[in-house]
Amino acid sequence: MTSITTPPDRSALIGLVGNTPLLHIGEPHAPAGRGFWAKLEGFNPGGIKDRPGLHMVERARTRGELRPGGRIIESTSGTLGLGLALAGMVYRHPVTLVTDPGLEPSMTRLLTAHGAEIDMVDTPHPRGGWQQARRDRVTELLARHPGSWCPDQYNNPDNTTAYTPLALELAAQLRHIDVLVCSVGTGGHSAGISRVLRGLHPGLRVVGVDTVGSTIFGQPARPRLMRGLGSSILPRNVAYDSFDEVHWVAPAEAVWTCRRLAASSYATGGWSVGAVALVAGWLARTQPAGTRIAAVFPDGPQRYLGTVYDDEYCAAHDLLDRPPADEPDEIAHPEDKEVTRWTRCATVVDPLAAGDPE
């Protein structure tokens with residue numbers, strides 16, 4: 001019997017990540033004969049962010065930024081934490097994850113079980129919300145632990161190049177892609193995948209999916225229920241020039257879509273999956289017949305059993321039995337009005353380039 005203290009087989013653990021399956025999602029999300037292809041990243045052990053977790057750590061080690069045994073310290077709303085816990089096992093680094101009270105208790109327990117230390121902030125930053133409060137705490141911890149290293153997922157270009165294998169998997173699986181639909185949080189996977197696929201398919205359209213209350217695409221930052229997409233800060237990994245349009249989705253709309261996916265397609269996930277599937281289904285209904293649409297599902301449903309799939313939680317937050325409209329609202333520019341439900345905008349701007357100091 002293998003001892004639990006035996007160092008893990010590095011290649012075996014790395015081999016668990018990638019080559020995730022595709023599933024065609026059709027009725028009732030799209031009319032008969034139409035639909036979209038979902039890339040099921042929940043088949044990675046920890047979800048889509050296993051890819052950048054491993055890649056960012058490997059590249060930092062190669063460059064000498066992270067020395068053997070150095071502590072990894074990062075801010076996370078959950079999923080990257082799993083990827084960094086995996087990377088800590090593979091490369092034998094201690095991991096400290098800074099999070100906030102919105103992290104599901106089940107995720108806290110899982111991250112701890114995987115060997116990560118959890119440091120929880122208790123007060124949001126007055127302008128940058130929980131994300132900025134977490135990042136400020138990371139800065140404090142880096143100073144406290146000599147030789148420690150922060151991946152800085154929001155601005156680290158390795159967070160985007162980590163998704164080159166995913167893009168190549170999609171290209172091999174689908175041969176041709178007309179439209180790519182991605183949720184946007186740190187901006188890593190939308191930037192990394194779209195850059196590669198545009199090189200293969202120059203006519204590719206890229207559709208970003210954000211949450212209401214997120215500041216990424218120029219809306220005002222508000223307290224947000226959904227985790228995994230959206231931001232109260234402006235990550236520099238967001239490739240604004242790659243997007244042809246952006247959609248904002250509200251929590252109740254994501255919940256309804258997640259549950260409909262579970263009942264009709266078995267494959268489902270959390271907030272990001274529901275938001276992406278809502279938009280991809282609309283595109284499948286409205287684009288010309290034969291349009292090949294790829295949608296990235298970042299994770300599975302497991303961490304959301306106490307939120308998205310919990311009737312008491314959803315009822316307490318007024319999320320039950322509120323199906324989305326058949327069509328999104330439309331605005332011409334992100335500054336036209338503050339959105340509160342599913343809304344589409346074909347003008348994509350970088351708020352910093354537009355001169356917004358926020």
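**Charges**

I looked up the charges first: the protein chain has 34 positive and 39 negative ones, and their mean positions are 5 Å apart. I noted where each charge is placed: NZ of Lys, CZ of Arg, CG of Asp or CD of Glu.

**Ground rules**

The model is a predicted one, in which local features need pLDDT of at least 70 and side-chain atom pairs count only at pLDDT 80 or more, whereas totals for chains, interfaces and linings use all residues. Residues are numbered from 1 along each chain as its sequence is written, and side-chain values use heavy atoms, with hydrogens and water left out.

**Whole chain**

I found 11 helices and 11 strands in the protein chain (DSSP runs numbered from the N terminus: helices are H or I with at least four residues, strands are E with at least two). The radius of gyration is 19 Å, close to the 21 Å from the globule rule for 358 residues, so the chain is as compact as a globular protein of that length. That radius is taken over C-alpha atoms, and the rule is 2.2 Å times the number of residues to the power 0.38. The C-alpha trace spans about 55 × 45 × 40 Å along its principal axes.

I then checked burial: 55% of the 358 residues count as buried (under 20% relative accessible area; exposed is over 50%, partly exposed in between, with a 1.4 Å probe and protein chains only). The accessible surface is about 15000 Å², and carbon and sulfur atoms hold 53% of that surface (Shrake-Rupley method, 1.4 Å probe; for residues, only the protein chains shown count as cover).

Among contacts with a separation of 6 or more, 70% are between residues 24 or more positions apart (contact means heavy atoms within 4.5 Å).

**Aromatic rings**

I counted four aromatic pairs in the structure. Rings of Phe, Tyr and Trp (its six-membered ring) pair if their centres lie within 6.5 Å; planes under 30 degrees apart are stacked, over 60 edge-to-face, and the rest tilted.

One of the pairs is F217 with Y240, edge-to-face, at 5.7 Å centre to centre and 80° between the planes. Both residues sit in the loop between strand 7 (205-211) and strand 8 (245-249), 23 residues apart. F217 is buried at 1% relative accessible area, and Y240 is buried at 8%.

F217 also pairs edge-to-face with F243, at 5.4 Å and 85°. F217 and F243 lie in the loop between strand 7 and strand 8, so this pair ties together parts 26 residues apart in sequence. F243 is buried, as is F217. I recorded F217, Y240 and F243 as one aromatic cluster.

**P251**

Next I looked at P251, in helix 9 (residues 251-265). P251 is buried, at 15% relative accessibility. Leaving aside neighbours within four places in sequence, P251 contacts V212, L225, M226, W271 and L319. P251 and W342 are 91 residues apart in sequence, yet their C-alpha atoms are 9.6 Å apart in space.

**Backbone notes**

I found a cis peptide bond between E27 and P28, with omega about 0°. P28 is in the loop between strand 1 (22-25) and strand 2 (36-40).

R92 is not glycine, but its phi is positive, near 65°. R92 lies in the loop between helix 3 (79-91) and strand 4 (95-99) and is exposed at 55% relative accessible area.

D152, also not glycine, has a positive phi near 50°. D152 is in the loop between helix 5 (129-144) and helix 6 (158-161), and it is partly exposed at 23% relative accessibility.

Methods
Lys, Arg positive; Asp, Glu negative; His and termini not counted.
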